[in-house]
Amino acid sequence: MISVGIESTAHTLGVGVFKDKKMLANEKSAYKPKKQGIHPRLAADHHVKAFGAVLERALDAAGISLNEIDQVAYARGPGLGPCLKVGLAGASALAAKLKVPMVPVNHCAAHVEIGALYCRMRNPLILYVSGGNTQIVVREEKNYHVLGETLDIGIGNMVDVFARALGEEYAHGSIVERLAHGGKYIELPYTVKGMNMTFTGLLTDAKKRIGKHGREDLCFSLQETSFAMLTEACERALALTRKKEVLACGGVAQNKRLCEMLGLMAEEHRARFASAPSQFNADNGAMIAYTGLLVRRNAVNWKKADINPKWRLDEASL
Ligand code: FE2
């Protein structure tokens with residue numbers, strides 16, 4: 001069974017190919033805005049232009065021809081409407097031409113499932129951290145349950161906004177991670193409410209301190225404070241659920257310091273911690289292709305396929 005997966009929820013247009021549990025290709029092209037956040041229409045324009053070339057590269061890398069494809073999976077949501085529509089249009093055209101089913105996939109579920117596959121985890125406590133999402137999740141049978149989450153903005157978004165306030169051209173969490181090396185700790189607002197957390201107070205305070213403290217100190221303190229908030233909330237969830245595995249996934253799970261803190265916390269509870277290889281924590285088509293195989297029963301005819309920009313993980317099922 002060969003599944004092609006189309007990812008287009010935000011800045012990345014990705015096409016991946018899975019044959020059963022084996023990845024055959026994972027190609028992408030990313031829209032990189034200078035000095036601003038993602039402009040949905042400009043990102044969508046990028047995806048339209050990139051679609052043909054990325055699809056061709058993925059098929060070449062996989063060593064398959066179009067008529068070997070058994071299904072076209074696509075990210076139905078959550079994400080930016082104009083970007084999701086490009087993925088839907090491309091996937092629909094492909095499915096209609098090949099006369100194969102389309103499989104709608106929840107983007108967050110795809111991060112979780114590809115992480116579980118590569119980290120060899122059966123039933124982990126999941127911390128899903130990305131630009132727009134910050135959630136502590138468990139999966140029971142086929143349903144996802146959110147135990148805790150951000151009450152305002154996603155942690156990735158918070159870090160990107162701070163990097164832009166510092167004047168970085170391509171503001172990104174990796175820049176804050178690099179600047180944080182060698183920084184000293186400054187106390188910043190720390191807000192955890194049970195297993196939920198908020199980030200805007202921390203962001204506002206850190207931004208006000210730009211110019212009064214060193215950039216390294218601010219980046220270090222922003223990371224230490226926000227990651228400690230996540231780790232505390234996860235520890236509470238781990239004590240409650242008594243899981244034996246902790247999985248971090250999503251773009252921010254690429255941060256080494258966050259993984260170190262979560263790893264130490266998990267060790268104290270005799271749980272195994274892991275995060276997926278970087279290519280799957282960044283947005284990618286391979287995770288959509290793989291998860292599309294797991295939820296093949298939800299396949300639809302291309303005429304009935306749609307998008308859902310606000311599709312929460314706990315509204316999806318496996
Ligand atoms: Fe993502």
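**An iron site and the helices around the chain**

Start with the metal. Along the chain, the donors of the iron ion are spaced as H-x3-H-x171-D. Keep in mind that this is a predicted model. The donor atoms are NE2 of His107, NE2 of His111 and OD of Asp283. They coordinate the iron ion at 2.1 to 2.3 Å.

His111 is in helix α3. Asp283 is in the loop between α9, residues 278–281, and α10. So what separates this pair along the chain? The answer is 172 residues, and the pair links distant parts of the chain. Are His111 and Asp283 buried or exposed? His111 is buried. Asp283 is buried too.

Next, the helix pair at this place. Helix α3 covers residues 107–118, and helix α10 covers 286–294. At what angle do they pack? About 90°, with the axes 8 Å apart. That makes α3 roughly perpendicular to α10, because angles of 65 to 115 degrees count that way.

Who makes the contact? From α3 we have His107, Ala109, Ala110, His111, Glu113, Ile114 and Leu117. From α10 we have Ala286, Met287, Ile288, Tyr290, Thr291 and Leu294. Note His107 and His111 in that list. Both are iron donors as well. By type, the contact residues are nine nonpolar, three polar and one charged.

On to the domains. Domain 1 is made of two segments, 2–110 and 282–315. Domain 2 runs over 122–279. Their C-alpha centres are 27 Å apart. How many residues are in contact?

Helix α4, residues 155–165, packs with α7 at about 170°. Their axes are 12 Å apart. The two helices are therefore roughly antiparallel. On the α4 side, the contact uses Ile155, Met158, Val159 and Phe162. On the α7 side, it uses Leu218, Cys219, Leu222, Ser226, Phe227 and Leu230. That contact holds nine nonpolar residues, one polar and no charged.

Stay with α7 and step off its end. Lys243 is in the loop between α7, residues 215–241, and β11, residues 245–249. Is Lys243 buried or exposed? Its relative accessible area is 9%, so Lys243 is buried, the cut-off being under 20%. What does Lys243 touch, leaving out residues up to four places away in sequence? Asn123, Pro124, Leu125, Val138, Arg139, Glu140, Leu238 and Ala271. As for distance, Lys243 and Phe51 are 41 Å apart in space, C-alpha to C-alpha, and 192 residues apart in sequence.

Last, some backbone details. First, a cis peptide. The bond from Gly77 to Pro78 is cis, with omega near -5°. Pro78 lies in the loop between β4, residues 71–77, and α2, residues 81–98.

Then positive phi. Glu141 is not a glycine, yet its phi is positive, about 55°. Glu141 lies in the loop between β7, residues 134–140, and β8, residues 143–149. Glu141 counts as exposed because its relative accessibility is 73%.

Arg270 also has a positive phi, near 55°, and is a residue other than glycine. Where is Arg270? In the loop between α8, residues 256–268, and β12, residues 272–275. Arg270 is exposed, with a relative accessible area of 74%.

To close, back to the iron. Its donors are His107, His111 and Asp283.

Conventions: Residues numbered from 1 in each chain as written. Predicted model: local features only at pLDDT ≥ 70, side-chain atom pairs only at ≥ 80, totals over all residues. Heavy atoms only, no water. Axes fitted to C-alpha atoms, helices over the stretch in contact; angles between N-to-C directions. Helix = DSSP H or I, 4+ residues; strand = E, 2+ residues; numbered from the N terminus. Parallel < 35°, antiparallel > 145°, perpendicular 65-115°, else oblique. Contact = heavy atoms within 4.5 Å. Nonpolar A, V, L, I, M, F, W, Y, C, P; charged D, E, K, R; others polar. Donors = N, O, S within 2.8 Å, 3.2 Å for Na, K, Ca; no water. Buried < 20%, exposed > 50% of the residue type's maximum accessible area, 1.4 Å probe, protein only. Domains from an automatic or database assignment.
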